[in-house]
Amino acid sequence: MCGIVGYVGNKSAKPILLEGLKKLEYRGYDSAGIALQVDQALDVIKKQGKLEKLEKALHNNKVESKIGIGHTRWATHGKPTDENSHPHYDADYNFAVVHNGIIENYQSIKEELLAEGKVFTSETDTEVIAHLVDKYYKGDLSEAVSRTVKRLEGSFAIAVISKNEEGRIVAVRKDSPLIVGLGQNENFLASDIPAFLNYTDQFYILEDGEMADIRKEEVKIYDYLTEKLVAKEIFEVNWDAEMAEKQGYQHFMLKEIKEQPESVKELFKNKINAEEIDLSQTGIDRSLFTDTHNIQIVACGTAYHSGLVAKYLFEELVEIPVQVDVASEYRYRKPLLDEKTLVIVVSQSGETADTLAALRLAQEKGARVLAFVNVQGSSIAREADHVIYLKAGPEIAVASTKAYTNMVAAFYLVSLQAAVWLNKIDEKRKQAYLKDLIRLPELIRQVISNVETQIKLIAKEYISHKNIFFIGRNLDYTIALEGALKLKEISYLHAEAYPAGELKHGTLALVDEGIPVIAVATRKDLFDKSYSNIKEVKSRGAEILLITWEGYLQENDTVDHLVELPDINDLFAGLLAIIPLQLLSYYTALYLDCDIDQPRNLAKSVTVE
Ligand code: F6R
């Protein structure tokens with residue numbers, strides 16, 4: 001969701017800014033632009049649409065500069081047009097501004113500025129920032145920016161350059177991520193680490209209320225309220241640039257689906273062996289669960305779906321009541337929690353605004369917060385009381401696959417270990433589970449290679465449909481939900497997931513001749529019940545795709561497509577069952593010629609509520 005980049009150094013800024021913006025494309029955007037500082041003037045180039053349009057415009061622009069800022073915009077205030085794209089500037093082109101987030105009080109500031117005679121050229125909330133900086137500028141950019149941001153309400157990450165101050169970028173963070181990349185005689189600014197991984201692995205991660213004063217030889221960080229210098233620690237990132245490249249795949253999504261065996265292995269590394277689970281490297285221990293009366297899991301989208309899996313695991317293995325909430329709902333109701341509640345927040349990006357707000361609410365009410373996060377150094381990772389890093393590596397496709405898998409795999413580890421700590425399972429059962437978990441990466445690999453060709457054929461059939469249903473019971477229902485979300489977000493087909501037993505309470509009315517119904521049935525104790533539901537929809541004309549165990553369906557007079565999974569304890573079957581569904585979404589979207597890695601209207605890191 002919106003991306004900011006900045007560069008100051010000895011090299012040409014244009015290609016570096018463009019490269020940074022390309023690396024941030026995955027965040028989702030609908031227009032892009034850059035501002036360069038040249039000979040005491042600012043040159044602003046911005047275009048609605050994909051980066052190729054901006055690239056073309058830049059190609060025709062011969063301006064050379066060693067400092068600039070850039071932006072990919074995901075429209076909130078005003079349509080995606082050239083005028084509404086960032087950077088924005090004041091009437092005299094003294095300052096150029098890029099902004100992520102939302103300025104909630106922009107309307108009243110705009111009225112004040114209009115009354116003073118300022119002329120606005122866009123419908124955005126951002127433009128007020130450029131005019132305010134101009135109004136407050138008395139020869140020092142950081143002072144003008146600091147006065148400006150003190151007037152702003154809402155969430156923002158902002159970067160500003162001035163025509164009068166050569167080689168200087170001033171940037172501010174409040175509730176929207178911003179990092180400074182540190183180089184030799186050059187420094188970088190971005191909303192996310194992958195933007196400049198090709199240039200540095202050393203970063204300052206700005207905290208809320210911090211302002212960065214960036215020049216090529218030095219970076220100073222201030223608290224913008226007190227204006228005092230802040231001593232920052234350098235954050236060293238252990239992702240390399242190659243991990244964030246496509247490496248020959250047509251799309252990041254397919255690459256990330258295929259990386260899942262390795263990413264689960266990476267998560268399990270040093271945390272699991274033939275005899276034990278060892279979570280000591282994560283810093284969590286028995287005490288986290290001994291005093292816990294209930295667990296609340298809070299997240300959004302796919303991360304929320306991983307929480308639903310966890311509910312079944314914790315309740316079955318650990319016998320602790322679990323409530324799972326969508327973060328945007330949780331934060332605005334009055335959740336009942338106290339110091340005996342363990343709140344688990346789950347987030348790939350670690351920056352999702354609603355999840356972060358839920359974390360803060362839980363802490364305010366005295367609960368302990370454990371976070372499952374993929375992105376190192378992200379806000380949620382820094383603010384939680386305990387963190388388990390998901391170790392999925394950079395996930396670039398907007399549709400989450402490998403991060404989801406590692407979220408679920410992390411829940412396997414934590415719920416199992418909690419059951420051991422609380423003596424809820426005996427040694428024999430524990431050993432059987434461990435054996436299965438150790439096999440999981442290899443089984444995921446087998447499923448990918450066994451089902452891909454079959455799934456491609458099914459996807460070719462699905463492209464002619466408009467509605468697809470997913471059904472499942474218990475853990476299978478959570479997988480159905482995730483499968484339906486994946487299909488919706490990248491193929492734009494309408495997909496709905498239902499608990500299989502719930503169909504006859506209304507939804508069955510929608511099942512008609514030829515409608516595809518995907519049934520996930522891996523809970524062995526519930527197979528017969530699920531199969532009855534499959535028959536219900538079949539008898540109303542549905543085309544059935546069933547995902548279940550190899551050899552499990554003895555007589556088949558009902559199922560049109562059968563996808564079989566290798567055997568594993570059915571507590572852990574979800575991570576095998578989700579693979580065909582991820583591939584199905586991918587290939588359906590591919591055959592429908594959709595923009596798979598950056599589906600319309602969606603953003604990777606949702607930093608506004
Ligand atoms: C779906 C998807 C989203 C995210 C959601 C939460 O494929 O990616 O539903 O899961 O926006 O994002 P994080 O995990 O970054 O908090």
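## The open sheet

In this predicted model, six strands form an open sheet. Their order is β5-β6-β7-β8-β12-β13, and the pairing is antiparallel. Strands β5 (88–89) and β13 (219–223) are the edges. Each of these two pairs on one side only.

Strands β6 (residues 95–103) and β7 (residues 154–162) run antiparallel and are joined by nine bridges. Within this pairing, Ala157 of β7 has Asn100 opposite.

## Nonpolar cores

Nonpolar side chains tend to be buried together in soluble globular proteins. The largest nonpolar core here holds 133 residues. Five of its members touch the most others: Phe289, Phe314, Ile344, Phe372 and Phe470. Helix α13 (residues 402–421) supplies the largest share of this core, 14 residues.

Which residues does Phe289 contact, leaving aside neighbours within four places in sequence? The list is Ile295, Phe314, Ile320, Leu342, Val414, Ala418, Trp421 and Leu422.

Another core, of 27 residues, lies apart from the largest one. Its members include Val97, Ile103, Tyr106 and Ala144.

Key: Residues are numbered from 1 along each chain as its sequence is written. This is a predicted model: local features need pLDDT of at least 70, side-chain atom pairs count only at pLDDT 80 or more; totals for chains, interfaces and linings use all residues. Side-chain values use heavy atoms; hydrogens and water are left out. Two strands pair if DSSP finds at least two bridges between them. Helices (H or I, at least four residues) and strands (E, at least two) are DSSP runs, numbered from the N terminus. A nonpolar core is a set of buried Ala, Val, Leu, Ile, Met, Phe, Trp, Tyr and Cys residues joined through side-chain atoms within 4.5 Å. Buried means under 20% relative accessible area, exposed over 50%, partly exposed in between (1.4 Å probe, protein chains only). Contact means heavy atoms within 4.5 Å.
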